[in-house]
Amino acid sequence: MLIAADKFKGSLTAVQVAERVTAGLRRIVPGVAVETLPVADGGDGTVAAAVAAGFQRREVRVTGPLGDELTAAFALRDGTAVIEMAEASGLQCLPDGVFAPLTATTYGSGELLRAALDAGARVIVFGVGGSATTDGGAGMLAALGARFLDAAGQPVGPGGGGLRDLATADLSGLDGRLARTEIVLASDVDNPLTGPKGAPAVYGPQKGASPEDVATLDAALAHYATVLEAAIGSRAADLALSPGAGAAGGIGYGALVGLGAGFRPGIEVMLDVLGFADALSRATLVITGEGSLDEQTLHGKAPAGVAAAARARHIEVIAVCGRLTLPPEALGRAGIRRAYALSGLEPDPAVSMAQAGPLLERLAAEIARDFLL
């Protein structure tokens, strides 16, 4: 049995999901052989998944989204670093109920990248998602040596709102090590930078942006791309339309245009980094899952990626989740034979989240009865 599940957001980490599923399986079949490989799709939980797979956890003090100092972590093994921008610039870094849609900065994400370079990373997997920011990655690039100046020659203010005053951009001071480093932008988001499907319109409201803020941010990011086009040429405009440019408040665009990153679906990258193919070669049944199996799952989330890889090897996949909104035919098309939801045991969402661990063990016991006896 290979357990390759993502976190149940707000309830259990991916490591805890694997532990609970293992306990439930062994309650019914004590001797069952289980291998665990917690997975992530580039969003929050990505560093934890890498550490669980044997990467070394490194901590560094960086600038948080509000400008205060905080401790963030990245993972490192054999010259490959896994960085999760949410560690430095995510909603998880904000106090409860506090948002800063116009001023939150990705500066700390740039500091994380610099720390990985200092640690000798030659390949950086840059997982983006769960951001508190909509600054197009300008803060990140500034931390790595870029300059974004207003008409008076002064640095613009933090966040996407500050980009309204941008007059000139200078990327010539970017850390020279970036050119010698392979950077992979890992995300499950393929939105462009601006427009109706862009970062401010689609994700701004999740970060506290009012309709007026969304309009301000969209105009500011469009202006940012125009100034960058004047600085480095037409590719700045082309990349603003590229899949992934709108990821994590546009930090995807900053990585594409300034870091020379290549975009790949987050779960594909992470399965490669975590050694999923090797683990899959030893499996006869795979259990995957996440907090909610819904329409979003089918668009690049971890369970869909796990199921696709397993189906290519003709290995059956079972899913566990907190809530399930996908019909059996949609699960089947994704390569998932059957899904088990906590909501089937406990319909009250608050109770289900609070008791997710014991409930998940009960679900795993059901799976053992259905598939192992």
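In β10, which residue is the bridge partner of A186?

Modeller: The partner of A186 in β10 is R264. First, some ground rules. This is a predicted model, where local features need pLDDT of at least 70 and side-chain atom pairs count only at pLDDT 80 or more, while totals for chains, interfaces and linings use all residues. Residues are numbered from 1 along each chain as its sequence is written, and side-chain values use heavy atoms, with hydrogens and water left out.

Helices (H or I, at least four residues) and strands (E, at least two) are DSSP runs, numbered from the N terminus. A186 lies in strand β9, residues 182-187. Two strands pair if DSSP finds at least two bridges between them. β9 is joined to β10 (residues 262-265) by four bridges, and the two run parallel. β9 also pairs with β6 (residues 123-127), again parallel, over five bridges. There, L185 of β9 stands opposite F126. Five of the six residues of β9 are buried, meaning under 20% relative accessible area; exposed is over 50%, and partly exposed is in between (1.4 Å probe, protein chains only).

A nonpolar core is a set of buried Ala, Val, Leu, Ile, Met, Phe, Trp, Tyr and Cys residues joined through side-chain atoms within 4.5 Å. The largest one has 55 residues, and F126, F148, Y224 and Y253 touch the most other members. Helix α10 (residues 247-258) gives it the most, seven residues. Contact means heavy atoms within 4.5 Å. Setting aside residues up to four places away in sequence, F148 touches Y224 and L228, among others, including A138, L141 and P155. Another core lies apart, with 41 residues, among them A50, A75, V317 and A339.

V317 points to a second sheet. It is the bridge partner of V286 and sits in β12. Eight bridges join β11 and β12, which run parallel. Five strands form this open sheet, with parallel pairing, in the order β2-β1-β11-β12-β13. β2 and β13 (338-341) are at the edges with a single partner strand each, so one side of each has no neighbour in the sheet.

Now the helix α1, residues 14-28. It has 15 residues and reaches 22 Å from first C-alpha to last, close to the 21 Å expected. The expected span is 1.5 Å times one less than the number of residues. Its buried residues are A14, V17, A18, V21, T22, G24 and L25.

Leaving aside neighbours within four places in sequence, T22 is in contact with I3, V34 and T36. Its side chain also reaches the backbone oxygen of A18 at 2.8 Å. That is a polar contact: a pair of N or O atoms within 3.5 Å; within protein, one must be able to donate a hydrogen and the other to accept it, and residues adjacent in sequence count only if both atoms are side-chain atoms.

One more helix to look at is α4 (residues 107-118). Nine of its twelve residues are buried, including L112, L113 and L117. G120 follows α4, with a positive phi near 95°.
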